[in-house]
Amino acid sequence: MPDPSYPDPSYPEARPGHCPRRGASAALARTALEQHCLEVAAPVVLVTGVFGTERAGLLAHGSARAQATLEVVPTVESPEAPLTRRLGLLRELGMQEAARRLMDGSAGGPVTSTVERHLLVDQADLLDEDSSDVLDAVIRSHRVGVLMTASGSSRIVRRLARVLNGPRGLHLELATLTLEETRSLLAQMLEEPPTSALARYLHACTGGVPEDLSVLARHGAAQGWIGTVDSRSVVVHPPQWLDRRAADAVLGRLREAFGAQGVQALRTIALQGEVRMDDAMDSDTLRETIFPLEEAGLLTIRRSGVAVTRPVHQHSLVMSRQPVAEPPRTPEGTLHACSVGDPVTPEEARAAAWHLLELGHVDQARFVLQALPSDDVGRTHVQACCEIAVGAPRRAMRLLRPLVADADTTAVALLAFIEIVLLRDVDAGAHRLTALAHAAQTRPDLDDLLQALSHLQDYAVRSSSGHGGAAPASAGHAPAQGTALEETAPEGAAPGASRDTAEASTLEEPEAGPDLAQLGRALLATLQACRAAHQHDPQEPARPVSPEAVPFREVPIIASNWVASVLGAARLLLTPEEDVLPEDWFEGESVDRVLLRTTSTELMRMLQDLICGEPLDDLRNLLEDIWAQFDGGLPQGPVRRTLLEALDHAVEGGRAEELLGPPGYVRPPTGGLYDSAWRQVLISVGYLLDAVVLGDPDRLEQTVEDAPQDPPHRRMVLRCLILRGLHTLPEQSLAPLIRHARSVGVEPVVVELLAARLDGDTHRVHDAVAALEGREGRFRVASVARRPVRLAPGVTGLTVEGRDRLALLSAREREVTEQAVQGMSLAEISESLRISLRTVQSHVRNTYRKLGVSSRTELRSQLFEARDRR
């Protein structure tokens, strides 16, 4: 569109070495923009970034700093083509007149104001051809600054390449937030630092996009699934994703940016879950929209198809109250139909509920179940599995027990899984396993599950007899015979429950249920990895544990937490220097499934940090984070409070005798593959580090003798002792420790540390440490310094009544109480436990209320014995 009244229409040449700033954080982009707008007359600025990054706000800030007037150029949705916008001026004016109006700020005549003007064009990459020509003319005029935003950079950057690389041009490509930036923003918004679980979850749901992150955090706090524990923001329970008003608001934001056709394309894909690429190319609407939407960060195109990128948008597109004509008969489509009140068939409701549950959307699954009658067996199955997924197996049992009387095989299988795997109830599990063995004669899909439960049951029987830590024995499909497996009805069983094999043999397959065959395969793969870890010859190279037999995204959600914990533990025994739970294990899993087992996975990673020698200050921060999230109520899987207390003892020390018993005493294992063995390891580590701090070689030697005797766990305990106690171990303990370490296969590079110190060669010790920490792996030499025990005068130990009264308190209340009766001030307790003074005061008030006391003196007199002052 040439016009002789315009200045030279050619673009300036690009300056050599002038490159656009890409991938900038908001702070860096703000600084660069301010400088550019202050230095350049009539600047041309393009800010690109995925939908939801702070593009327009950044430009407004830069224009204000340059003391220029900022005028927003209105655009409207173009009806001719999807995802296309048109300058509002072109509805009434021709192209040349529209360009002149933009340059002059009025219908005619030059601008008389001396204040510099900037034009803001939002979503400039979506302008139609006529609008783009008008914008080009305005840029060539050099009369006003032009500030533009765009979701994607490819098309508009090619069009404006010369001017953006010239003296007037600046291209800023905004990066999404890093995880650390997400933590910082959440701390500001929620006024308390977030736990790792909360930060990771919100970051994954929003892709680190600031606007989505802010909206989701506000909604979480308002809806109550984000709360505060010990001065930390935590996930109290998994979000429901059922707020349809919030979903409508997200749809409104998307429609404002991408128009009705863009939202239609997004909803089509969201309601399908994923659209095959061939199908997308066959649809005129999708073919014209998916690539711009991908540039905007809203869609992900992969080999299998096209899907919505951010969960926060996926849920809103499905749950919006704005109905979709003829939603597809997919689980997502069924959920949408239920949300707008459309009828769905029982078969569709059951299928959708199972699908949503396996994705970790527990409350959405329950919402869909409302379409089924209350006496529907499939509804009860899903409800029970929902309770298992959120960490309430006993509630699941109450739902399932009445179904056993109706000869429901699935109910029996789920009860067996709960009792043997989750609750480790030997007697009840044996009874249920007998019934399941008879049912398997007519249901081949139960074969692997029965075999896996038999292995676990055999392990539990031997462990409860005092042989903790042994590997699961090879067992057949039938449970082992013995007194522990007598056919006695489990305590509390509902009237009419299966009591003999004759009744068990009549069980029939229900119409629908969980994938019990896949459940069995997942348990067998886990047991195989566990056996390999326990039976590994330390003289042979270890093969890393891998769940290749059952990809994690296919592990039924009711077993996901347990499988991750046990596989992680086996991997930690075999290859402790490698990532205990590699991210690629969970490829393809939904973020909500990951959230449901975050307590277990973060605990496993902390165990690795502990035994590999990470600094104690880092461990303390991690431990406080896990405690806060644990007390917040997020599903905990196989993690028990006693396991966290043992971990607390291993990291902090000085609190074990009241909680765990005297040195050398370890409660007998209860038959779990996970927490019992690890609790024993952590108690041993704590006592050993106590002995090192005290410099007591006799106590150290006795504690080494009392450490776990099975080689894998003993190797782990000794390795941890060497890495943390290298510089402080008593001289006379070095030679025995070297013999113990070599006998169980502690890595030679770790044993060399002790050998060098035994020889008294400081240069060799230095070289050994450098060799250890310079190679690939996570082993580090760390300090053993721990917080010493401080008993107040007149206190010798807890009375029997005092122990019983302390049992009324939470773990954190016991910690505060112990330090309070030792004479520490509330401020000292706050600093020691790394919690706020307000939280300490709250724990003290709760303790006084629960124990019925009103002062520290009264508290001390009720809990502790007085020392003889003679």
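**Packing of helices H24 and H26**

Helix H24 passes helix H26 in a right-handed crossing, meaning that the near helix is turned clockwise from the far one by less than a right angle. The model is predicted: local features need pLDDT of at least 70, side-chain atom pairs count only at pLDDT 80 or more, and totals for chains, interfaces and linings use all residues. Residues are numbered from 1 along each chain, and side-chain values use heavy atoms, without hydrogens and water.

H24 spans residues 557-574 and H26 spans residues 598-612. Their axes lie 9 Å apart, at an angle of about 15°. H24 is therefore roughly parallel to H26 (angles under 35 degrees count as such). Axes are lines fitted to C-alpha atoms over the stretch in contact, and angles run from 0 to 180 degrees between N-to-C directions.

From H24, the contact (heavy atoms within 4.5 Å) involves Asn561, Ala564, Ser565, Gly568, Ala569 and Leu572. H26 contributes Ser600, Thr601, Met604, Leu607, Gln608 and Ile611. Of these residues, 6 are nonpolar, 6 are polar and none is charged. Gly counts as polar here.

Thr575 sits in the loop between H24 and helix H25 (591-596). Thr575 is buried, at 9% relative accessible area (buried means under 20%, with a 1.4 Å probe and protein chains only). Thr575 touches Ala542 and Pro544, leaving aside residues up to four places away in sequence.

The protein as a whole has 40 helices and 14 strands. These are DSSP runs, of at least four residues for helices (H or I) and at least two for strands (E). Of its 870 residues, 56% count as buried.

How values were computed:
Angles under 35 degrees count as roughly parallel, over 145 as roughly antiparallel, 65 to 115 as roughly perpendicular and the rest as oblique. Buried means under 20% relative accessible area, exposed over 50%, partly exposed in between (1.4 Å probe, protein chains only).
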